[in-house]
Amino acid sequence: MCLAIPGKIVNIDRSEPELTMAKVDFSGIMKDICIQWVDVSEGDYILAHAGMAISVVDAREAEETLEDLKKLERL
């Protein structure tokens, strides 16, 4: 089973036209994620798998999910 954690796009790099990448913040862990096949902007939330963005997540839902995960850490 895979657990997808929402990540917030911090910066988009379009310097390579055929491989658009983004710096994504996953609760303080920064990762380089390919966003070539999703329509996103800085500040959007995504779900990623194996270094590729697979879907865009509604900001409110993403923030609620992250808050729920923080609550679980406290248990």
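1. Is Ser27 buried or exposed? Ser27 has a relative accessible area of 55%, and exposed means over 50%, so Ser27 counts as exposed. The model is a predicted one, and this value, like the others in this note, is computed from it.

2. Overall make-up. The chain contains one helix and five strands.

3. Overall dimensions. For 75 residues, a compact globule would have a radius of gyration near 11 Å; the chain has 13 Å, which agrees. The C-alpha trace spans about 45 × 25 × 20 Å along the principal axes of the chain.

4. Burial and surface. Of the 75 residues, 27% count as buried. The chain exposes about 5,400 Å², and carbon and sulfur atoms supply 52% of that area. Among contacts with a separation of 6 or more, 27% are between residues 24 or more positions apart.

5. Charge. The chain carries 8 positive and 15 negative side chains. The centres of these two sets are 7 Å apart.

6. Strand β2 covers residues 21-26 and strand β3 covers residues 29-34. The two run antiparallel and are joined by six bridges. Phe26 stands opposite Ile29 of β3. Two residues lie between the strands of this hairpin, and Ser27 is in the turn.

7. The backbone at Ser27. Ser27 sits in the loop between β2 and β3. Its phi is positive, about 50°, although Ser27 is not a glycine. Most residues other than glycine have a negative phi.

8. The hairpin of β4 and β5. Strand β4 (residues 45-49) pairs with strand β5 (residues 52-57) in the antiparallel sense, over five bridges. Ala48 has Ala53 in β5 as its bridge partner. This hairpin also has two residues between its strands, with Ala50 in the turn.

9. The backbone at Ala50. Ala50 belongs to the loop between β4 and β5. Its phi is near 55°, a positive value in a residue other than glycine. Is Ala50 buried or exposed? With 75% relative accessibility, Ala50 counts as exposed.

10. Thr20, in another loop. Thr20 is found between β1 (7-13) and β2 (21-26). Its relative accessibility is 12%, and buried means under 20%, so Thr20 counts as buried. Which residues does Thr20 touch, leaving aside neighbours within four places in sequence? Thr20 is in contact with Ile12, Asp13 and Arg14, and also with Ile33, Cys34, Ile35 and Gln36.

11. Thr65 in the helix. Thr65 is part of helix α1, which covers residues 59-73. Its relative accessible area is 33%, so Thr65 is partly exposed. Thr65 and Ile5 are 60 residues apart in sequence, yet their C-alpha atoms are 7.9 Å apart in space.

Conventions. Residues numbered from 1 in each chain as written. Predicted model: local features only at pLDDT ≥ 70, side-chain atom pairs only at ≥ 80, totals over all residues. Heavy atoms only, no water. Helix = DSSP H or I, 4+ residues; strand = E, 2+ residues; numbered from the N terminus. Rg over C-alpha atoms; globule rule 2.2 N^0.38 Å. Buried < 20%, exposed > 50% of the residue type's maximum accessible area, 1.4 Å probe, protein only. Contact = heavy atoms within 4.5 Å. Areas by Shrake-Rupley, 256 points an atom, 1.4 Å probe, with all protein chains shown as cover. Lys, Arg positive; Asp, Glu negative; His and termini not counted. Charge placed at Lys NZ, Arg CZ, Asp CG, Glu CD. Pairing = 2+ DSSP bridges.
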